[in-house]
2 protein chains.
Amino acid sequence: MQRANDKILFTPGPLTTSHTVKQAMLRDLGSRDFEFIRTVQEVRDGLLEIAGVTVTDKGKQRYDAIPVQGSGTFAIEAVLSSTIPRDGKILVLVNGAYGKRILEIASTLGIEHQAIVVPENEALDTRALEAVLLKDDQAAKKITHVAVVHCETTTGIMNPVEEIGRVVKRFARVYFVDAMSSFGAVPLNIEKAGIDYLVSSANKCIEGVPGFAFVLASRDAIIRTEGYARSVSLNLLAQLNGLENNGQFRFTPPTHALLAFRQALRELEEEGGVAGRNKRYTFNQTTLVQGMRELGFKEYLKPSDQGVIITSFCFPTHTNFAFNMFYEKLSEKGYVIYPGKVSNADCFRIGSIGRIDQAEIKALLRAVKETLAEMNITLTTH
Amino acid sequence: MQRANDKILFTPGPLTTSHTVKQAMLRDLGSRDFEFIRTVQEVRDGLLEIAGVTVTDKGKQRYDAIPVQGSGTFAIEAVLSSTIPRDGKILVLVNGAYGKRILEIASTLGIEHQAIVVPENEALDTRALEAVLLKDDQAAKKITHVAVVHCETTTGIMNPVEEIGRVVKRFARVYFVDAMSSFGAVPLNIEKAGIDYLVSSANKCIEGVPGFAFVLASRDAIIRTEGYARSVSLNLLAQLNGLENNGQFRFTPPTHALLAFRQALRELEEEGGVAGRNKRYTFNQTTLVQGMRELGFKEYLKPSDQGVIITSFCFPTHTNFAFNMFYEKLSEKGYVIYPGKVSNADCFRIGSIGRIDQAEIKALLRAVKETLAEMNITLTTH
């Protein structure tokens, strides 16, 4: 794949993107210009298609795509601050830092919240959720929203958002999925999963550049949120209404990032859509794990919980292993990995997403091998 | 100047930028990578220099530059939501839509607010401000913050932020200036003007691409705001602390927009800094006004209030004039102007900022002349 001399990014984003995606930014479009408005529409329609929504005449489809300036966290906060009424309450299923972040946002916004927390190396299931919602139904029925992270980037674990969705819908709550790291690479039909709000970001599996995130919102849900917004910048319904009225963002959009993203969507389609991308990432991830195991590394998660997006590896117990040196030496060789985020175990992470393929994964594995040799580390293979 | 085949943007932003600024985006840097961290530091130091702050050892200088993801409005909201205590009150001086937007944000955030409103074609002065602050001092002393827009993009009017600052400081209030459209092109020493918080955006007079905005904050002021933040994404003090701790944004930064901005800062310096840029924009604006007058157009503002950033022109009274057609015909010729925003007069706007020079202004004037002829409009010159 064509690339500049930059280091290759094995991170959860920003990622290595294609040269053609970056080249799409060599333009200056006016934010009210017809061509830019068409670009925004193409991006919004493309996002819906990825989520399995049939794009029909305006207003007839059941979901809308709403781009939001800023990073993914901005869009998460936009959902919480715009769609939960003052007397609402959110139940968050947590098995990592991004679940906790949803709680932190709720807390900062003064939104009542509750959590079901499981260890970071355990996928969430529906039993505890059913119990909590049943209890809530029998009591004051305060919980209005349920939130979960699809792929917890903390570890790389996948949570069963469809199963969880069936329970949330059975109990008639609003369902919010943080699909930041998975959207575009893990097949998911938003409607079948019963999701009301899904968030992801431009610089994840669709392989655009950072600058905006987006919310896919059920029209039924969002049209009922008039007056809920606690912010001007992050007002989702106002953002949607602005886009529907004249095709424009309310406030200056990152025009270049949108041009890049349109190109990224086209390249996703060329690769065979979500299925095609999933195939490449799966191949990347299995090659990575196989190679790392051969070098003596162990994954933090058990294989059945592991997604194809990012993998946490335990620090080897060898006395010569020091993560900062390991990281620096790989970085000097042109390979950027990612620190760990697990709270109770020493890990580092390697992403398998972005414009990387077998060649890059194998080059990384060679660099890891060299680095271990330089650090005088010999690991026992399992 | 080198450019692609894009239309030339005579707008308040996104603007026409240099090819070299856009080319700086043809890279993918990791957000934790040393080179990116250095880029962020160079950008932050460059912003302080533009504001006349001497960059010394960390923590010793009196101001800090805090980039914020999103559009300019996000940074305005960040200042309001992060720096005003729960029992604080903001007084906003208003002569246009951007002053009103500050009020709207305060209102949405539940912040007590008061306004001094003058007509959109009148620059603000200090008399009413003095009276209000005097009265507030004699009463409960509720006003904690005073806000004003430097260049009101609604009309292009310049407000005397230094004079206003002297009054604000005499009354010992926190002073917030929205310098969105002026920063980098209108000389302003932030410390001498007594400004505690100044906001501008990447895609204005520094001629970067959109994707982030920034706040220049007095250290004395911002260190006292612990616990004030009403948002996670827009928490200014947390953003500053993150940057000071490890040089990184708390949440994914728009890496490409920052690379473009670093290049834009270098090109600003090559042009002679703020003075050099001011000279070019002044020449652009006077050429524009001279030419438009010769074609029979009249400015909305009186010349003494008019800034060099953007100029509002009154709709001609000729019966054949229809703005949409005028706009479209200019756009087809490759020149993008901007609709008006004045509430009580029909105007359109033409920006004189971005990577445009005499050649582009003159080409625009020729296109305006041709367009008038096509529309069978002959105007009386004044």
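A:Asn235 has a relative accessible area of 18%, and because the limit for a buried residue is under 20%, A:Asn235 counts as buried. The model that contains it is predicted. In chain A, the loop between helix H7 (219–222) and helix H8 (236–246) holds A:Asn235. The side chain of A:Asn235 comes to 3.3 Å from the backbone nitrogen of A:Leu237. Leaving aside residues up to four places away in sequence, A:Asn235 touches A:Ser82, A:Ala229 and A:Arg250.

How many residues does each chain give to the contact? Chain A gives 53 residues and chain B gives 53 residues. The size of an interface is often given as the accessible area lost when the parts come together. Between chain A and chain B the buried area is about 4300 Å², and carbon and sulfur atoms account for 59% of that area.

The polar side of the contact can be described by counts. Six salt bridges are found between chain A and chain B. One of the salt bridges joins the side chains of B:Asp6 and A:Arg27, with an N to O distance of 2.5 Å. There are also 18 residue pairs in polar contact between chain A and chain B, with both residues at pLDDT 80 or more.

Which elements of chain A give two or more residues to the side that touches chain B? They are helix H1 (19–23), helix H3 (72–83), helix H4 (97–108), helix H9 (255–270), helix H11 (323–332) and strand S13 (338–339). H4(A) provides the largest share of this side, with four residues. Sorted by class, the side of chain A that touches chain B consists of 22 nonpolar, 20 polar and 11 charged residues.

Next come some features of the backbone. In chain A, the peptide bond from A:Gly13 to A:Pro14 is cis, and its omega is near 0 degrees. A:Pro14 lies in the loop between strand S1 (8–9) and H1 of chain A. In chain B, B:Gly13 and B:Pro14 are joined by a cis peptide bond with an omega of about -5 degrees. B:Pro14 sits in the loop between strand S1 (8–9) and helix H1 (19–23) of chain B.

Chain B also has residues with positive phi that are not glycine. One of them is B:Lys141, with a phi of about 50 degrees. B:Lys141 belongs to the loop between helix H5 (127–138) and strand S5 (145–149) of chain B. Is B:Lys141 buried or partly exposed? Its relative accessible area is 48%, so B:Lys141 is partly exposed. Another is B:Glu207, which has a phi of about 65 degrees. B:Glu207 is located in the loop between strand S9 (197–201) and strand S10 (212–218) of chain B. The relative accessibility of B:Glu207 is 2%, and therefore B:Glu207 counts as buried.

What is the order of its strands? This open sheet has three strands in the order S11-S14-S13, with antiparallel pairing. S11 and S13 of chain B are the edge strands, as each pairs on one side only.

Strand S14(B) covers residues 347–351 and is mostly covered, with five of its five residues buried. B:Cys347, B:Arg349 and B:Gly351 point one way from S14(B), while B:Phe348 and B:Ile350 point the other way. The residues on both faces of S14(B) are buried.

The pairing of S14(B) can be followed on each side. Strand S11 (residues 310–314) of chain B pairs with S14(B) in the antiparallel sense over five bridges. In this part of the sheet, B:Ile310 stands opposite B:Gly351 of S14(B). Strand S13 (residues 338–339) of chain B also pairs with S14(B) in the antiparallel sense, here over two bridges. The bridge partner of B:Tyr338 in S14(B) is B:Arg349, and B:Arg349 is one of the buried residues that point the same way as B:Cys347 and B:Gly351.

Methods
Residues are numbered from 1 along each chain as its sequence is written. Chains are lettered from A and ligands numbered from 1 in the order in which they are written. This is a predicted model: local features need pLDDT of at least 70, side-chain atom pairs count only at pLDDT 80 or more; totals for chains, interfaces and linings use all residues. Side-chain values use heavy atoms; hydrogens and water are left out. Contact means heavy atoms within 4.5 Å. Buried area is the accessible area (1.4 Å probe) that two parts lose on being put together, summed over both. A salt bridge is a side-chain nitrogen of Lys or Arg within 4 Å of a carboxyl oxygen of Asp or Glu. A polar contact is a pair of N or O atoms within 3.5 Å; within protein, one must be able to donate a hydrogen and the other to accept it, and residues adjacent in sequence count only if both atoms are side-chain atoms. Ala, Val, Leu, Ile, Met, Phe, Trp, Tyr, Cys and Pro count as nonpolar, Asp, Glu, Lys and Arg as charged, and the others, Gly among them, as polar. Buried means under 20% relative accessible area, exposed over 50%, partly exposed in between (1.4 Å probe, protein chains only). Two strands pair if DSSP finds at least two bridges between them.
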